[in-house]
Amino acid sequence: MTRLSPHFALDEFRCGCGCDGHRDPQVVEHLTELAQVLERVRTACGDQPVAIHSGFRCHDWNRACGGAKRSQHLSGRAADIRVKDVDPADVWLTIIAEPDRYGVRGAGFYADRFVHLDVRPGHRAVWGKNRPKSAESQ
(Lines give C-alpha, C1' and ligand atoms only; values in the text may rest on other atoms or scores of the structure.)
Protein backbone atom coordinates (compact mmCIF):
# COMPACT_ATOMS: atom_id res chain seq x y z
CA MET A 1 0.00 0.00 0.00
CA THR A 2 1.45 3.34 -1.07
CA ARG A 3 1.19 5.92 1.72
CA LEU A 4 0.95 9.61 0.92
CA SER A 5 1.02 10.64 4.59
CA PRO A 6 0.64 8.97 8.00
CA HIS A 7 -3.15 8.60 7.67
CA PHE A 8 -3.80 8.57 3.91
CA ALA A 9 -3.01 5.94 1.29
CA LEU A 10 -2.95 6.53 -2.45
CA ASP A 11 -5.79 4.10 -3.15
CA GLU A 12 -8.16 6.08 -0.89
CA PHE A 13 -8.16 8.68 -3.68
CA ARG A 14 -8.94 6.17 -6.49
CA CYS A 15 -11.42 7.29 -9.14
CA GLY A 16 -15.00 6.12 -8.59
CA CYS A 17 -14.91 4.24 -11.91
CA GLY A 18 -12.01 2.12 -10.64
CA CYS A 19 -9.43 3.28 -13.20
CA ASP A 20 -5.81 3.77 -12.23
CA GLY A 21 -5.59 7.46 -13.18
CA HIS A 22 -4.71 8.28 -9.59
CA ARG A 23 -1.35 6.55 -10.12
CA ASP A 24 -0.13 9.03 -12.76
CA PRO A 25 3.06 10.62 -11.31
CA GLN A 26 1.75 14.20 -11.64
CA VAL A 27 -1.52 13.21 -9.96
CA VAL A 28 0.39 11.45 -7.15
CA GLU A 29 2.36 14.66 -6.59
CA HIS A 30 -0.86 16.65 -6.23
CA LEU A 31 -2.48 14.00 -4.03
CA THR A 32 0.57 14.02 -1.75
CA GLU A 33 0.15 17.77 -1.24
CA LEU A 34 -3.57 17.25 -0.67
CA ALA A 35 -2.89 14.50 1.89
CA GLN A 36 -0.75 16.94 3.90
CA VAL A 37 -3.68 19.38 3.96
CA LEU A 38 -5.99 16.58 5.10
CA GLU A 39 -3.56 15.70 7.89
CA ARG A 40 -3.83 19.28 9.19
CA VAL A 41 -7.63 19.20 8.92
CA ARG A 42 -7.71 15.87 10.76
CA THR A 43 -5.62 17.36 13.60
CA ALA A 44 -7.87 20.44 13.78
CA CYS A 45 -10.89 18.14 14.10
CA GLY A 46 -9.63 16.36 17.20
CA ASP A 47 -7.58 13.77 15.29
CA GLN A 48 -10.76 12.13 14.01
CA PRO A 49 -10.52 9.88 10.94
CA VAL A 50 -11.23 11.55 7.60
CA ALA A 51 -13.16 9.55 5.01
CA ILE A 52 -12.65 10.46 1.37
CA HIS A 53 -15.97 10.47 -0.46
CA SER A 54 -14.39 11.45 -3.79
CA GLY A 55 -10.73 12.00 -4.65
CA PHE A 56 -9.20 11.81 -8.12
CA ARG A 57 -11.68 11.65 -11.01
CA CYS A 58 -11.00 10.76 -14.63
CA HIS A 59 -12.85 12.87 -17.22
CA ASP A 60 -15.51 10.19 -17.85
CA TRP A 61 -16.27 9.71 -14.15
CA ASN A 62 -16.25 13.46 -13.49
CA ARG A 63 -18.82 13.94 -16.25
CA ALA A 64 -20.92 10.99 -14.97
CA CYS A 65 -21.11 12.43 -11.45
CA GLY A 66 -21.88 15.97 -12.62
CA GLY A 67 -18.49 17.49 -11.77
CA ALA A 68 -17.36 20.86 -13.10
CA LYS A 69 -15.59 20.80 -16.47
CA ARG A 70 -12.39 22.11 -14.88
CA SER A 71 -12.80 20.30 -11.57
CA GLN A 72 -9.75 20.15 -9.32
CA HIS A 73 -10.54 16.43 -8.89
CA LEU A 74 -9.31 15.86 -12.48
CA SER A 75 -5.73 16.69 -11.50
CA GLY A 76 -5.77 15.09 -8.04
CA ARG A 77 -5.93 18.45 -6.30
CA ALA A 78 -9.30 17.91 -4.58
CA ALA A 79 -11.15 15.65 -2.19
CA ASP A 80 -14.70 15.57 -0.88
CA ILE A 81 -14.51 14.45 2.74
CA ARG A 82 -16.38 13.64 5.92
CA VAL A 83 -14.74 13.71 9.33
CA LYS A 84 -15.91 11.07 11.80
CA ASP A 85 -18.21 12.48 14.49
CA VAL A 86 -17.78 16.07 13.25
CA ASP A 87 -20.59 17.93 11.52
CA PRO A 88 -19.55 18.89 7.95
CA ALA A 89 -20.61 22.47 8.68
CA ASP A 90 -18.13 22.62 11.56
CA VAL A 91 -15.35 21.22 9.38
CA TRP A 92 -16.06 23.79 6.67
CA LEU A 93 -16.27 26.69 9.12
CA THR A 94 -12.97 25.66 10.73
CA ILE A 95 -11.24 25.60 7.35
CA ILE A 96 -12.60 28.86 5.97
CA ALA A 97 -11.73 30.68 9.19
CA GLU A 98 -8.00 30.04 8.58
CA PRO A 99 -7.46 28.57 5.09
CA ASP A 100 -3.74 29.43 5.02
CA ARG A 101 -3.19 27.49 8.24
CA TYR A 102 -4.39 24.33 6.48
CA GLY A 103 -3.04 25.05 3.00
CA VAL A 104 -6.53 25.09 1.50
CA ARG A 105 -7.13 27.06 -1.71
CA GLY A 106 -10.71 25.91 -2.33
CA ALA A 107 -13.38 24.95 0.20
CA GLY A 108 -16.95 23.98 -0.56
CA PHE A 109 -19.82 22.99 1.69
CA TYR A 110 -22.46 20.63 0.30
CA ALA A 111 -25.46 20.64 2.65
CA ASP A 112 -24.75 18.15 5.41
CA ARG A 113 -23.18 15.57 3.11
CA PHE A 114 -19.53 16.51 2.73
CA VAL A 115 -16.87 19.21 2.51
CA HIS A 116 -14.82 19.80 -0.64
CA LEU A 117 -11.17 20.82 -0.13
CA ASP A 118 -8.64 21.56 -2.81
CA VAL A 119 -5.11 22.79 -3.35
CA ARG A 120 -5.76 24.60 -6.64
CA PRO A 121 -3.11 26.96 -7.96
CA GLY A 122 -3.94 30.65 -8.11
CA HIS A 123 -7.00 32.29 -6.61
CA ARG A 124 -8.83 31.07 -3.53
CA ALA A 125 -12.44 29.92 -3.82
CA VAL A 126 -15.02 29.36 -1.09
CA TRP A 127 -18.60 28.31 -1.72
CA GLY A 128 -21.44 26.49 -0.08
CA LYS A 129 -24.78 25.03 -1.02
CA ASN A 130 -27.14 25.47 1.91
CA ARG A 131 -24.43 27.26 3.87
CA PRO A 132 -24.52 26.84 7.62
CA LYS A 133 -26.31 29.73 9.32
CA SER A 134 -23.13 30.73 11.16
CA ALA A 135 -21.39 31.24 7.78
CA GLU A 136 -23.79 33.91 6.55
CA SER A 137 -21.39 36.65 7.63
CA GLN A 138 -18.25 34.94 6.23
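This is a predicted model: local features need pLDDT of at least 70, side-chain atom pairs count only at pLDDT 80 or more; totals for chains, interfaces and linings use all residues.
Residues are numbered from 1 along each chain as its sequence is written, and side-chain values use heavy atoms, leaving out hydrogens and water.

Before zooming in, note that buried residues (under 20% relative accessible area, 1.4 Å probe, protein chains only) make up 46% of the 138 residues.

Now select residues 25–44, which form helix H1. Its 20 residues reach 29 Å from first C-alpha to last, close to the expected 28 Å (1.5 Å times one less than the number of residues). Step back to Asp 24, which caps the N-terminal end of H1 with a side-chain oxygen 2.9 Å from the backbone nitrogen of Gln 26. After H1 comes Gly 46, with a positive phi near 75°.

Which residues of H1 are buried? Among them are Val 27, His 30, Leu 31, Leu 34 and Leu 38. An α-helix has 3.6 residues a turn, so residues three or four places apart point the same way.

Next, select Ala 78 in strand E4 (residues 78–83). Ala 78 is buried, with a relative accessible area of 0%. Show its contacts (heavy atoms within 4.5 Å): leaving out residues up to four places away in sequence, Ala 78 touches residues including Leu 34, Phe 56, His 73 and His 116.

Terms used. Helices (H or I, at least four residues) and strands (E, at least two) are DSSP runs, numbered from the N terminus. Buried means under 20% relative accessible area, exposed over 50%, partly exposed in between (1.4 Å probe, protein chains only). A polar contact is a pair of N or O atoms within 3.5 Å; within protein, one must be able to donate a hydrogen and the other to accept it, and residues adjacent in sequence count only if both atoms are side-chain atoms.
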